[in-house]
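Please have the sequence and the coordinates open as you read.

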Amino acid sequence: MTRNVLIGCMVFMVLLQGTSALAEDTKMRRNKLMWESMSPEEKNRVIQNYREWKSSPPQKREKVRRNYDAFSDLSAEERQKLRERYRNYKSLEPGRREKVRERLNRIDSLPPESRVEIERKYMRVREQSAHERMKRLQDSRFWNNLSAEEKEIFKKLIIPDN
Amino acid sequence: MGCQKIQEMLPAYQDGALNGSEVKDIEEHLLVCKSCRNMNRALKEAWDALEIWDDVDVPERSRKTIVSRLPEQRKMYWAKIVLPVAAALVIVFGITLKFSWMKSERQMQMPVPAPAQLSAEQPDIDEDDLIANLHILQDEEFYDSLEELVKIDYLPLVEEPKQEETDKERSSLDVPLT
C-alpha cells in the first residue's frame, strides 16, 4: 500500500515537472512571436515598461507576477469584466481615482472578522446575475450614501457590463 | 461432406446450434458412417457424464491457501501496471529534459542576431528577460492594479457608517469625489 502511494507521488511529481516545463516553453515561444510581431512603437513602449520593471522593488514585481497568475486562473467572463472595469477605472480623472482608492483602502482597515464576513457575502453575490447584483447594489447602504455623480462612477466600476 | 468436417461439427450438432440442412447432412452421414457414429456416441456419453457429477466443496485448507495468495497476486497486478507507467513517464520526462537542455545548449552556442542588435542599441536591455516577462510587461499597470479592481466588488458589501456620520465625514474631506 505504502509502496503504491510512493509510486503514485513519484509519478505525479514527474508529470507535474514535465507539464510545467512544457508550459514554460510554450509561453516563451508565444512571447517571442508576440515580440517579433510588434511594431517599433509598441516595442519602445514595452522597453520603457521593462526599464521601469527592472528598477521597481522585487516585492512589487512579485506582486504583479502573482496578480498575473490570479488573472490567468479566472474564467473568460470574469477576465472580460475586469478588463472593462480597468478601462473605466483608468478613464477616471486622477483626483477621482484617488477617492475611489481611498474608499477601497477602507476595506483593508476593517477588522479580520468583518473581512471574513464580506468574503462570505461576496461568494454568494458572485453567483448572481448582473440584474440581481444591480438590485443588491441599489439596496446597499454604501450606494445610498453616494451622490448622483458618484453613483454613475461606481455603477460603471462595479457592474461594467451593465 | 467428409468425416473430418462432420466430426468437427458434432459438438455444435449436440448443442442444437446447427441449421436444418446441416443437421440433415450430419444425420444422413451418421446412418452410413460407423466411425462418426462412434465419435458422436462417445461425445454424448462424455457430456452426460459431466451432467451427473455433483459440485464438490473445495476443502477448507485449499480454500485458505488460495485466499492467502490473493493479496500477493493483487500486489503483483499493481506492480505490473504502475511500474511500467511510472517508467514510461520517467522516460518521457527524461527525453523532454534532454530536448530542452539540447535546445538551450544550441541557443547558447548559436549567435542570435536580434538580441545582439537590441543589446548593442540599448545595452541596459536583456531581450531574453524582456521576452520571458513580455506577457506582464505589455500590461503591467493593469496587473499592478488588479487587487484594487477586484476589491471594488466588495464595496457594496461593506457596512457603511450611518448617514449622519457619513455626512460629517464627507464634509471633512478635502477633495470631494463629485
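Predicted model: local features only at pLDDT ≥ 70, side-chain atom pairs only at ≥ 80, totals over all residues.

Residues are numbered from 1 along each chain as its sequence is written, while chains are lettered from A and ligands numbered from 1 in the order in which they are written.

Let us begin with chain A. Chain A has nine helices and zero strands, where helices (H or I, at least four residues) and strands (E, at least two) are DSSP runs numbered from the N terminus. Of its 162 residues, 10% count as buried, that is, with 20 or more other C-beta atoms, placed from the backbone, within 10 Å of their own. Among chain A contacts (C-beta atoms, placed from the backbone, within 7 Å) with a separation of 6 or more, 60% join residues 24 or more positions apart.

Now for the contact between the chains. It takes 56 residues from chain A and 46 residues from chain B. On the chain B side, α4(B) supplies the largest share, ten residues. The classes on that side are 27 nonpolar, ten polar and nine charged residues; Ala, Val, Leu, Ile, Met, Phe, Trp, Tyr, Cys and Pro count as nonpolar, Asp, Glu, Lys and Arg as charged, and the others, Gly among them, as polar.

Not counting residues up to four places away in sequence, A:L157 touches A:R85, A:N88, A:Y89 and B:I152.

Finally, look at a helix pair in chain B. The axes of α1(B) and α2(B), lines fitted to C-alpha atoms over the stretch in contact, come within 11 Å and cross at roughly 120°, with angles running from 0 to 180 degrees between N-to-C directions. The two helices contribute these residues:

| Helix | Range | Contact residues |
|---|---|---|
| α1(B) | residues 3–15 | B:I6, B:M9, B:Y13 |
| α2(B) | residues 20–32 | B:E22, B:V23, B:I26, B:H29 |

By class, the residues of this contact are five nonpolar, one polar and one charged.

Note on methods:
Contact = placed C-beta atoms within 7 Å. Buried ≥ 20, exposed ≤ 12 C-beta atoms within 10 Å, placed from the backbone.
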